[in-house]
Amino acid sequence: MKLRISLIALFAIVSISLFAQKSETKQDKNGNSYLSYSNDPTNSRWYTLDNGLTVVLSQNSAKPRVQTLIATKAGSSSDPADNTGLAHYLEHMLFKGTDKYGSLDYSKEKVLLDQVDKLYEKYNQTTDEAKRKIIYAEIDRVSGEAAKFAIANEYDKMLQGIGAQGTNAFTSFERTVYVNDIPANQISTWLTIESERFRNPILRLFHTELEAVYEEKNRGLDSDDWEVYEKLFAEAFPNHNYGRQTTIGTIEHLKNPSLVKIRNYFNTYYVPNNMAVIMAGDINLDETFLLVKKNFSYMKSKKVPKMTFEDETPLAQKV
């Protein structure tokens with residue numbers, strides 16, 4: 001939580017200061033154009049790949065390490081009204097691997113995962129409690145069979161293997177951010193792992209991951225501070241998703257997840273023109289940009305839906 005607060009505060013301070021400054025287009029030694037901002041204390045370079053991916057690089061040699069962030073400009077405010085908590089579910093699932101890692105035999109695992117997808121959709125469309133229990137028991141059984149092919153925590157183990165620290169992620173209203181602190185001599189390996197991570201994430205081990213999200217929800221229900229926070233936003237933004245739905249989601253929606261809709265969310269919002277790779281630390285700016293370009297240029301840009309909301313009524317009294 002401290003990491004999340006400090007990163008958000010840093011983004012807010014840097015964003016406010018940059019938008020207040022004058023930008024200038026420059027070229028690096030390889031002829032790649034980037035924006036720089038006057039009086040920027042981080043001397044950041046803001047590149048944009050041909051596919052729209054934003055790349056922000058800042059050099060700081062205080063330690064031989066690099067703080068990395070991969071951000072998507074979509075969070076819980078982009079959740080469909082009938083599947084709140086979806087962005088947060090997806091955040092958890094992006095630690096589960098792809099068709100290239102995270103599985104002992106993906107071809108066999110996929111057959112079972114496809115069955116799990118269909119069972120969840122059937123479960124969500126069924127209202128009879130007795131029938132739902134039967135379907136859920138089948139979900140449990142098939143998920144158990146699929147889990148035999150999964151390599152649990154392989155992503156985390158790969159990151160630990162290159163000396164990464166603080167591997168984490170967070171979801172807020174407007175963004176989902178994936179965090180790592182890596183050794184400076186592991187930049188190329190980290191970029192290879194991360195570019196693969198976002199290529200084709202597989203929603204494996206979802207059945208067990210539900211428990212982790214349920215626990216987060218229960219902690220929120222037991223927190224007076226969180227209750228005040230949600231009440232404040234509900235009263236201040238009745239016409240906006242800030243107030244109409246929460247990041248963690250409702251109990252009803254958490255218990256009726258749709259893997260199909262989670263995958264649709266990924267395909268809609270996790271596109272390069274809606275994402276950024278941010279790296280600050282002991283890096284060679286020119287070389288690092290080329291490595292990011294090499295690893296992430298495969299991503300294809302796509303039009304991102306624009307969200308619109310009614311204007312809020314001005315507050316006439318204290319909330």
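1. The centres of domain 1 and domain 2, taken over C-alpha atoms, are separated by 28 Å. The domain assignment of the protein chain, automatic or from a database, gives domain 1 as 23-99 + 153-297 and domain 2 as 104-149. The model is predicted: local features need pLDDT of at least 70, side-chain atom pairs count only at pLDDT 80 or more, and totals for chains, interfaces and linings use all residues. Residues are numbered from 1 along each chain as its sequence is written, and side-chain values use heavy atoms, with hydrogens and water left out.

2. Between them, domain 1 and domain 2 bury about 1,200 Å², 52% of it on carbon and sulfur atoms; buried area is the accessible area (1.4 Å probe) that two parts lose on being put together, summed over both. His207, Asn256 and Leu259 supply 40% of the area that domain 1 buries against domain 2, more than any other three residues.

3. Two salt bridges are counted between domain 1 and domain 2 (a side-chain nitrogen of Lys or Arg within 4 Å of a carboxyl oxygen of Asp or Glu). A salt bridge joins the side chains of arginine 263 and aspartate 117, at 2.9 Å from N to O. On the side of domain 1 that touches domain 2, helix H7 (206-221) and helix H11 (259-269) each supply at least two residues; helices are DSSP runs of H or I, at least four residues, and strands are runs of E, at least two, numbered from the N terminus.

4. Strand E8 (residues 275-281) has six of its seven residues buried, that is, under 20% relative accessible area (1.4 Å probe, protein chains only). Strand E8 pairs (at least two DSSP bridges) with strand E4 (residues 54-59) in the parallel sense over six bridges, where alanine 280 is the bridge partner of serine 58. With strand E5 (residues 65-72), E8 pairs in the antiparallel sense over seven bridges; glycine 281 in E8 stands opposite valine 66.

Terms used:
Buried means under 20% relative accessible area, exposed over 50%, partly exposed in between (1.4 Å probe, protein chains only).
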